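Colleague: I am new to reading protein models. Could we go through this one together?

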Amino acid sequence: MEGKPDFVTVNEHVDFSNKAEFVAQNNGKFQNNNFAAVWTGKIPIYEGGEYEFSTKSDDGSRMFVDGEKVVDNWGLHGAKEVK
């Protein structure tokens, strides 16, 4: 990543159920379209087993766990969920 972020916040949960919730998080710091966001954090695992991850995005999103890409929802597209 290059440059300084325009907006930084801490989210207890990254689970925005609609665009209005997502836009409300940025307090007008960046535009509603044509932006990039990066979330970095930890996922507490309290019980062993298999877990399924997904992203739902309007245009590209990717998810990495321990440096390994586990979801690739990249490209130009309408809202789409990929597991």
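**A look at two polar residues**

Modeller: Happy to! First, the backbone oxygen of Asn73 lies 3.1 Å from a polar atom of the side chain of His77. This is a predicted model, where local features need pLDDT of at least 70, side-chain atom pairs count only at pLDDT 80 or more, and totals for chains, interfaces and linings use all residues. Residues are numbered from 1 along each chain as its sequence is written, and side-chain values use heavy atoms, leaving out hydrogens and water.

Colleague: Is His77 buried or exposed?

Modeller: Buried means under 20% relative accessible area, exposed over 50%, and partly exposed in between, with a 1.4 Å probe and protein chains only. His77 has 16% relative accessibility, so the residue counts as buried.

Colleague: Where is His77 found?

Modeller: Helices (H or I, at least four residues) and strands (E, at least two) are DSSP runs, numbered from the N terminus. His77 is in the loop between strand 3 (68-73) and strand 4 (79-82).

Colleague: Which side chain joins that of Ser61 in a polar contact of 2.7 Å?

Modeller: A polar contact is a pair of N or O atoms within 3.5 Å; within protein, one must be able to donate a hydrogen and the other to accept it, and residues adjacent in sequence count only if both atoms are side-chain atoms. Ser61 sits in strand 2 (residues 61-65), and its side chain also makes a polar contact of 2.8 Å with the side chain of Ser57. The partner at 2.7 Å is Thr55.
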